[in-house]
Amino acid sequence: NAKHVSIDRTAIKRFCTSFDSSRVSHWWNSAPYDIADLDNESQLAYLFVFNAISFSYWGSPKWKIQYRDTEYDGSWGMIASIARAIESDKPILRSDCLEKITTQELGVILYGNVEIPLLKKRAAILREVGRTISQEYRGSFSQFVGSESVIAGNLVKKITRNFPSFIDEWQYNNQKIPFLKRAQLLVADISSTIRGLKIEGTEKLTACADYKLPYLLRNEGILVYSNDLSATVDTGIEIPPGHPTEIEIRSATI
């Protein structure tokens with residue numbers, strides 16, 4: 001039903017033929033901080049905090065931070081900011097502290113060249129996560145995830161049921177379109193990172209419907225935009241969240 005986005009199937013075949021998947025490892029292997037040094041509970045807390053507030057990094061100038069004499073932005077910057085907080089003994093991984101975190105306190109943790117976009121919203125999301133884990137799961141992220149018969153799809157549903165900020169559903173032509181990007185990323189990260197925890201059914205998780213993949217897919221000729229949408233994107237006009245063209249882009253990405 002899309003009006004502004006189409007998929008060039010021949011470009012998919014061309015890309016798959018040229019792409020060398022043997023050179024690719026899991027993205028956490030290249031991250032600026034190795035969470036393997038943390039215990040399992042702290043790793044889970046780290047992944048929850050990161051995925052809860054990992055979104056919307058654009059801006060002019062772009063938000064950047066310094067960590068160990070290196071400059072990072074985007075999700076790398078968020079990973080490094082959380083690591084920087086841990087190394088400065090800030091209790092960013094404790095649910096009882098998260099449920100009370102203020103916008104100002106989070107601003108100190110995410111300090112960079114400019115204020116990160118949507119800082120107030122990110123602080124509210126962390127309070128939601130901290131409050132639920134503290135009050136409903138005795139302050140334990142491990143208790144929330146569980147240890148036996150963890151099914152990926154069920155965990156995604158549990159995350160969105162307990163944390164409304166993770167709900168990522170939109171209306172298109174009077175139909176509900178569930179992307180659930182951050183919830184699925186969180187489950188995928190937990191599955192690939194946490195030692196001794198087996199999550200079944202991760203192959204049913206979908207692609208990450210963010211704003212980076214469409215850029216790549218369009219550049220490869222896989223996604224084709226209408227003239228109107230091309231003009232909007234190429235001139236830097238922001239498309240509001242939930243706009244039909246944004247839904248079309250995200251759907252085509254998946």
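**Entry 1. Helix 2 against helix 6**

I note first the convention I rely on: a crossing is left-handed if the near helix is turned anticlockwise from the far one by less than a right angle, and right-handed if clockwise. The model I am reading is predicted. By that convention I recorded the crossing of helix 2 and helix 6 as right-handed. I then looked up the geometry: the axes of helix 2 and helix 6 come within 9 Å and cross at roughly 145 degrees. On the helix 2 side I listed Val 49, Ala 52 and Ile 53 as making the contact, and on the helix 6 side Arg 122, Ile 125, Leu 126 and Val 129. Sorted by class, the contact of helix 2 with helix 6 has six nonpolar residues, no polar and one charged.

**Entry 2. Helix 2 against helix 9**

I next took helix 2 together with helix 9. Their axes are 10 Å apart, and the two helices pack at an angle of about 155 degrees. Angles over 145 degrees count as roughly antiparallel, and helix 2 and helix 9 are therefore roughly antiparallel to each other. Helix 2 contributes Gln 43, Leu 44, Leu 47, Phe 48, Phe 50, Asn 51 and Ala 52 to the contact, while helix 9 contributes Arg 182, Leu 185, Leu 186, Asp 189, Ile 190 and Thr 193. I counted the classes in the contact of helix 2 with helix 9 as eight nonpolar, three polar and two charged residues.

**Entry 3. Helix 8 against helix 9**

I turned to the pairing of helix 8 with helix 9. These helices pack at an angle of about 130 degrees, their axes being 9 Å apart. I therefore described helix 8 and helix 9 as oblique to each other. The crossing of helix 8 and helix 9 is right-handed. From helix 8 the contact is made by Ala 152, Leu 155, Val 156, Ile 159 and Thr 160, and from helix 9 by Ala 183, Gln 184, Leu 186 and Val 187.

**Entry 4. Helix 8 and Ile 159**

I asked which residues of helix 8 are buried. I found Ala 152, Leu 155, Val 156, Lys 158, Ile 159, Thr 160 and Asn 162. The elements covering the buried residues of helix 8 include helix 6, helix 7, strand 4 (150-151), helix 9 and strand 7 (199-200).

I then examined Ile 159, which is placed in helix 8. Ile 159 counts as buried because its relative accessibility is 0%. Leaving aside neighbours within four places in sequence, I listed Phe 144, Phe 166, Ala 183, Leu 186 and Val 187 as being in contact with Ile 159. I also recorded one separation: Ile 159 and Gly 112 lie 47 residues apart in sequence and 30 Å apart in space, C-alpha to C-alpha.

**Entry 5. The nonpolar cores**

I looked up the largest nonpolar core and found 61 residues in it, those with the most contacts inside it being Tyr 46, Ile 92 and Ile 190. I listed the elements that each supply at least two residues of this core: helix 2 (40-53), strand 2 (64-67), helix 3 (74-87), helix 5 (103-109), helix 6 (119-136), helix 7 (141-145), helix 8 (152-162) and helix 9 (181-193). Helix 2 gives the most to this core, with nine residues.

For Tyr 46, I again left aside neighbours within four places in sequence; its contacts are then Trp 28, Tyr 33, Ile 35, Leu 38, Ile 79, Ile 82, Ala 83, Ile 86 and Leu 93. I noted also a second, separate core of nine residues, among them Val 5, Leu 217, Tyr 225 and Leu 229.

**Entry 6. Backbone exceptions**

I checked the backbone with one expectation in mind: most residues other than glycine have a negative phi, and most peptide bonds are trans.

I found a cis peptide bond joining Ser 60 and Pro 61, with omega about 5 degrees. Pro 61 lies in the loop between helix 2 and strand 2.

I recorded a positive phi, near 65 degrees, for Asp 69. Asp 69 sits in the loop between strand 2 and strand 3 (70-73). Asp 69 counts as exposed because its relative accessibility is 79%.

For Asp 89, phi is likewise positive and near 65 degrees. I placed Asp 89 in the loop between helix 3 and helix 4 (95-98). At 71% relative accessibility, Asp 89 counts as exposed.

Definitions and conventions:
Residues numbered from 1 in each chain as written. Predicted model: local features only at pLDDT ≥ 70, side-chain atom pairs only at ≥ 80, totals over all residues. Heavy atoms only, no water. Core = buried A, V, L, I, M, F, W, Y, C linked by side-chain atoms within 4.5 Å. Buried < 20%, exposed > 50% of the residue type's maximum accessible area, 1.4 Å probe, protein only. Helix = DSSP H or I, 4+ residues; strand = E, 2+ residues; numbered from the N terminus. Contact = heavy atoms within 4.5 Å. Axes fitted to C-alpha atoms, helices over the stretch in contact; angles between N-to-C directions. Parallel < 35°, antiparallel > 145°, perpendicular 65-115°, else oblique. Nonpolar A, V, L, I, M, F, W, Y, C, P; charged D, E, K, R; others polar.
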